[in-house]
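Let's take a walk through this model together. Keep the structure open beside you as you read.

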Amino acid sequence: MALPTPTTPVKVKPGSGGNYGLAFGLVTSLFFLWGLANSLNGSLIKQFQIALDLNRFQAGIVDFAFYLGYFFMALPAGYVMRRFGYKRGILLGLILYGGGALLFYPAAEARVYSFFLVALFTMACGIACLETAANLYVTVLGDPAKSEWRINFSQSFNGISIIMGPIIGALFIFSKTEYTPEMMATMAPAQAEAIRVQEALSVQGPYLVIGTIIALVTILFAVTKMPEVGEEEEESSNISIGRLFRHRHLVLGIIAQFANVGAQAVLWGYFVDLKLDFSRDIHWGPALGFMHLINGLTGNEGGQLSATQIAGFHASFALVLLMLGRFVGTFLMTKMRPNLVLTIFSAVAVALVAIAITAGGLTAVIALSFVYFCQSIMFPTIFALATKSLGAESKLASSLVIMSIVGGALMPLVAGGLFERGAVYALIVPLVCFAYIVFFAANGYKITSTDLHTPNTPPELVP
């Protein structure tokens, strides 16, 4: 079967009208929605240490359960898309995402860690469907030569929403009274239990709101017609998982995405802890300015904030840098090849993590904040490069790349174990991960001649 070249028009299901603009806008809204869930995990990891009496390693299982959902659901999501189309894959994802968010309410009442993990796993299964569908959908809705630009543009809206996660955590989840395991151990059992109950109940409101919003979006998608692309090629093709692994750039891209999400989960999940360990009482001016701005807008200005809440605002400001990085990276891709932009961003990330390890203190916090800027374009660019020129195989290839998000389940456990020896040891994990991404961006992304099935492939794709 001949794969479509970058100049081959994408086929649209008859009757769809090729309304790419409306479809692109609706799917881009999904990038905004799943960012909330991802960015709230760091708040949960910190909150559950007190609410459920967990150590850092145990609390890190939040990320393990969440990203495990990606691993188990990504491949079924790909098959659903092939069989029923993008729209039904998206609807399945929204139903699971919203249902998992609503499960937080009874989970907080029961205050059982495994119940929370089931809720997170269910949400992640839904988001796996959404990411499998949406990340690929935006790359094929239009000119293939601009696929990396489109996915980075859509991911920019994801950057806006993930800023909100730490803010929600700081304002509505974290208590204004600073509690530590040592403080809790000195309290009377009844007093400590009452505090733990209150800390657990604080997660109900935010997730109830998220579940309600997802329900409304599900209805909107259900009543909206959306074009199907590439359907004719899929129906006439014979695709298997085994055949996909002959594509070198896909295999190396899967590993790169595993490393990228693993590094992201470590930094996002432990940023509050890293801030408290490196510089508990000394804060970064721009992050404090951002904190005062948000508190002023929400009417919370003037209240005394705990060190954990201030650290939460530092995490949120780091996500502001991530959003900025996405807009900068998307612009640069109009001037430079996407792999070159990825090479530069990942190499700088390696340097910044190395600075954090060697310098410590507030310098480490600032360096790690700018790592977020560098991470901004990694996920979408790796995804687009890994699935490029795969034609009818793209949906299952997309599933494999999304499955590699399981790196976010495994790497925080490794980092959590190392964290017990000190924060700098935990940072070895993202350092190694970013170093591999440099390799993929510089060489591993290349599509070799053995991967191609058409003589019309532009020569610049073949090394």
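**Charged pairs and nonpolar cores**

Let's begin with Arg 111, which is partly exposed at 23% relative accessibility (buried means under 20% relative accessible area, exposed over 50%, partly exposed in between, with a 1.4 Å probe and protein chains only). Before going further, please note that this is a predicted model, in which local features need pLDDT of at least 70 and side-chain atom pairs count only at pLDDT 80 or more, while totals for chains, interfaces and linings use all residues. Residues are numbered from 1 along each chain as its sequence is written, and side-chain values use heavy atoms, with hydrogens and water left out.

What does the side chain of Arg 111 meet in a salt bridge? The partner is Glu 193, at 2.0 Å from N to O; a salt bridge here is a side-chain nitrogen of Lys or Arg within 4 Å of a carboxyl oxygen of Asp or Glu. Arg 111 lies in the loop between helix H5 (104-110) and helix H6 (113-140), and Glu 193 in helix H9, so the pair ties together parts that are 82 residues apart in sequence. Helices are DSSP runs (H or I, at least four residues), numbered from the N terminus. Glu 193 is also partly exposed, at 37% relative accessibility.

By this rule the model has two salt bridges. The other joins the side chains of Asp 53 and Arg 196 at 3.8 Å, N to O. This pair links distant parts of the chain, 143 residues apart: Asp 53 sits in the loop between helix H1 (20-51) and helix H2 (56-59), and Arg 196 in helix H9 (residues 189-201). Asp 53 is exposed, at 53% relative accessible area, whereas Arg 196 is buried, at 12%.

Now turn to the nonpolar residues. A nonpolar core is a set of buried Ala, Val, Leu, Ile, Met, Phe, Trp, Tyr and Cys residues joined through side-chain atoms within 4.5 Å. The largest has 86 residues, and those touching the most other members include Val 27, Tyr 97 and Phe 221. Helix H6 gives the largest share of this core, 18 residues. A second, separate core of 65 residues includes Leu 267 and Tyr 445. Beyond four places in sequence, Phe 221 has contacts (heavy atoms within 4.5 Å) with residues including Val 27, Leu 30, Lys 87 and Met 226.

Finally, consider confidence. The protein chain averages a pLDDT of 82 (the predictor's confidence in each residue, from 0 to 100), and 88% of the residues score at least 70. Over residues 1-18, pLDDT stays under 50.

Notes
Helices (H or I, at least four residues) and strands (E, at least two) are DSSP runs, numbered from the N terminus.
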